[in-house]
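Dear colleague,

Please find below the structure that I am handing over to you. My notes on it follow directly after.

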Amino acid sequence: MSKKSSKQEKLDALYSVLREAYLKANPFCKAKLPGCQINATDVHHMAGRGVFMLDQSNFLAVCRICHGQIEADPVMAKAMNFSKSREEAHGNKKQDSGPE
C-alpha cells in the first residue's frame with residue numbers, strides 16, 4: 001500500500017474533526033431501515049467522498065447496520081434520498097452559491 005500524501009493526510013485530519021462534530025450534532029440514525037441501531041456511528045457521503053469528502057451538505061448520520069444496507073443497495077438508497085449522483089450534488093452546490 002502506498003503512503004498517503006501530506007495533502008491527503010491533512011484532508012483526513014480535517015474530515016475526522018468534521019465527522020466527530022457532525023455525529024455529535026446528529027446523534028441518531030437518519031435512515032431508520034430495518035435492524036436500525038438508533039445511534040449514529042457512521043457518516044454516509046451521499047454523493048461519495050472525492051470532492052465531497054468535506055461537504056457537510058452531503059453527510060448523512062447513520063448507524064452501521066443502515067450504512068451497510070445503503071452501500072449494498074444503491075438503487076434503494078437513491079430512491080429513499082440517502083444517496084445522490086455527483087451531478088445532483090454539483091447542481092445543489094450551484095444553487096446554494098447564490099447569484100453570480
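How many residues does helix H1 have, and how far does H1 reach from its first C-alpha to its last? In this predicted model, H1 covers residues 6-25, which amounts to 20 residues. The helix reaches 29 Å, close to the 28 Å expected at 1.5 Å a residue.

The buried residues of H1 are Asp12, Tyr15, Leu18, Tyr22 and Leu23. Viewed down the helix axis, these residues fall within an arc of 135 degrees, so they line one face of H1. The face of H1 turned away from the buried side carries Ser6, Lys10, Val17, Glu20 and Lys24, which are exposed. Strand E1 (42-45) and strand E2 (59-62) are included in what covers the buried residues of H1.

The structure holds two aromatic pairs. In one of them, the ring centres of tyrosine 15 and phenylalanine 59 are 6.0 Å apart and the planes stand at 85 degrees, so this pair is edge-to-face. Because tyrosine 15 belongs to helix H1 and phenylalanine 59 to strand E2, the pair ties together parts that are 44 residues apart in sequence. Tyrosine 15 and phenylalanine 59 are both buried.

Tyrosine 22 also forms an edge-to-face pair with phenylalanine 59, with 5.3 Å from centre to centre and 90 degrees between the planes. Tyrosine 22 lies in H1 and phenylalanine 59 in E2, so this pair ties together parts that are 37 residues apart in sequence. The relative accessible area of tyrosine 22 is 13%, and this residue is buried; phenylalanine 59, at 3% relative accessibility, counts as buried. Through these ring pairs, Tyr15, Tyr22 and Phe59 are linked into a cluster.

Which residue lies over the face of tyrosine 15? That residue is arginine 49, at 5.0 Å from the ring centre.

Helix H2

Helix H2 spans residues 64-72, and Cys66, His67 and Ile70 are buried in it. These three cover an arc of only 100 degrees around the axis, which puts them on the same side of H2. On the face turned away from that buried side are the exposed residues Arg64 and Ala72. The cover over the buried residues of H2 includes E1, E2 and helix H3 (74-79).

With kind regards

How values were computed
Residues numbered from 1 in each chain as written. Predicted model: local features only at pLDDT ≥ 70, side-chain atom pairs only at ≥ 80, totals over all residues. Heavy atoms only, no water. Helix = DSSP H or I, 4+ residues; strand = E, 2+ residues; numbered from the N terminus. Expected span 1.5 Å × (residues − 1). Buried < 20%, exposed > 50% of the residue type's maximum accessible area, 1.4 Å probe, protein only. Arc of directions from axis to C-beta. Contact = heavy atoms within 4.5 Å. Phe/Tyr/Trp six-rings, centres within 6.5 Å; stacked < 30°, edge-to-face > 60°. Lys NZ or Arg CZ within 6 Å of the ring centre and 35° of its normal.
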